[in-house]
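Please look over the sequence and the fold before reading on. The paragraphs below go through them part by part.

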Amino acid sequence: MSIYPHVVEIAWDVVNQFLKDWQNEPYRWHREINAHMEIFSRLSTVLRYCGRDSLFGKYNEVIVGYEDRQLWSRVIPEPTISYEYTDKNKHICYPDIVVLDDIPDPGHPPDAEEGQWPILWVCEVKYTDNNKDDWDLEKLRYIISQGIAQYGCWIRMLCKRATSGSGIE
């Protein structure tokens, strides 16, 4: 039995399979944005096949004819996320990939201007030349420790042959 929600298990499986594919064909995804979009696309597709790719949230000010048909994507690339930094001020970040959680009352979704939907899983991908810049990891820690997201995934990719093991840590 898994300790993670089903959608999070799917996200881990998608990431692991992508990393295996990337190891075999690294030049198919030769830039960081290619990796972002591939993971986003795979995750969206798998969740669509499972019937878990959309969330309902009914806002009042919408296009005529969509008052009762407001489906929102569960998987979002680079959404605007507000968090508190060490200076205790609110800051904005744009995580690479976010998976939204269900909301308690779809008839009353988070305020369009002030609120944010609950985040189930957030992922940051970094292509690196072995640089120790860990800002994405630090940012993930803020987001998770403040309860903004439940789970986080940090991927640092280095286009280099592993000297031992699977090459995935």
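Angles between axes under 35 degrees count as roughly parallel, those over 145 as roughly antiparallel, those from 65 to 115 as roughly perpendicular, and the rest as oblique. Each axis is a line fitted to C-alpha atoms, for helices over the stretch in contact, and the angle, from 0 to 180 degrees, is taken between N-to-C directions. Helices (H or I, at least four residues) and strands (E, at least two) are DSSP runs numbered from the N terminus. Helix 1 (residues 6-24) packs with helix 2 (residues 32-49) at an angle of about 135°, and their axes are 10 Å apart. Helix 1 and helix 2 are therefore oblique to each other.

This is a predicted model, in which local features need pLDDT of at least 70 and side-chain atom pairs count only at pLDDT 80 or more, while totals for chains, interfaces and linings use all residues. Residues are numbered from 1 along each chain as its sequence is written, and side-chain values use heavy atoms, with hydrogens and water left out.

Which residues of helix 1 and helix 2 meet? Contact here means heavy atoms within 4.5 Å. From helix 1 come Val7, Ile10, Ala11, Val14, Val15, Gln17, Phe18 and Asp21; from helix 2 come Ala35, Glu38, Ile39, Arg42, Leu43, Val46 and Leu47. The residues of this contact divide into 11 nonpolar, 1 polar and 3 charged. In this count, Ala, Val, Leu, Ile, Met, Phe, Trp, Tyr, Cys and Pro are nonpolar, Asp, Glu, Lys and Arg are charged, and the others, Gly among them, are polar. An α-helix has 3.6 residues a turn, so residues three or four places apart point the same way.

Now take the whole chain. The protein chain has 3 helices and 8 strands, and from the N terminus on its elements run α-α-β-β-β-β-β-β-β-α-β. Its C-alpha atoms fill a box of roughly 55 × 45 × 35 Å, taken along the principal axes. Of the 169 residues, 36% count as buried; buried means under 20% relative accessible area, exposed over 50%, and partly exposed in between (1.4 Å probe, protein chains only). Among contacts in the protein chain with a separation of 6 or more, 61% are between residues 24 or more positions apart.

Strand 7 (residues 119-127) contains isoleucine 119. Isoleucine 119 has a relative accessible area of 3%, so this residue is buried. Leaving aside neighbours within four places in sequence, isoleucine 119 is in contact with Ile81, Val98, Val99, Leu100, Asp101, Ile148, Ala149 and Gln150.

Helix 3 (residues 135-145) holds aspartate 136. Why does aspartate 136 count as buried? The reason is its relative accessibility of 9%. Beyond neighbours within four places in sequence, aspartate 136 is in contact with Glu124, Val125, Lys126 and Trp154. The buried residues of helix 3 are Asp136, Leu137, Lys139, Leu140, Tyr142 and Ile143. They pack against strand 4 (81-84), strand 5 (90-93), strand 7 and strand 8 (149-157). Helix 3 is followed by glycine 147, whose phi is positive, near 75°.

The cysteines come last. A disulfide is a pair of cysteine sulfur atoms within 2.5 Å, and a search of the whole structure finds 0 of them. For cysteine 123, the nearest cysteine sulfur is that of cysteine 153, 3.8 Å away. Cysteine 123 counts as buried, at 0% relative accessibility. For cysteine 159, the nearest cysteine sulfur is that of cysteine 123, 18 Å away.
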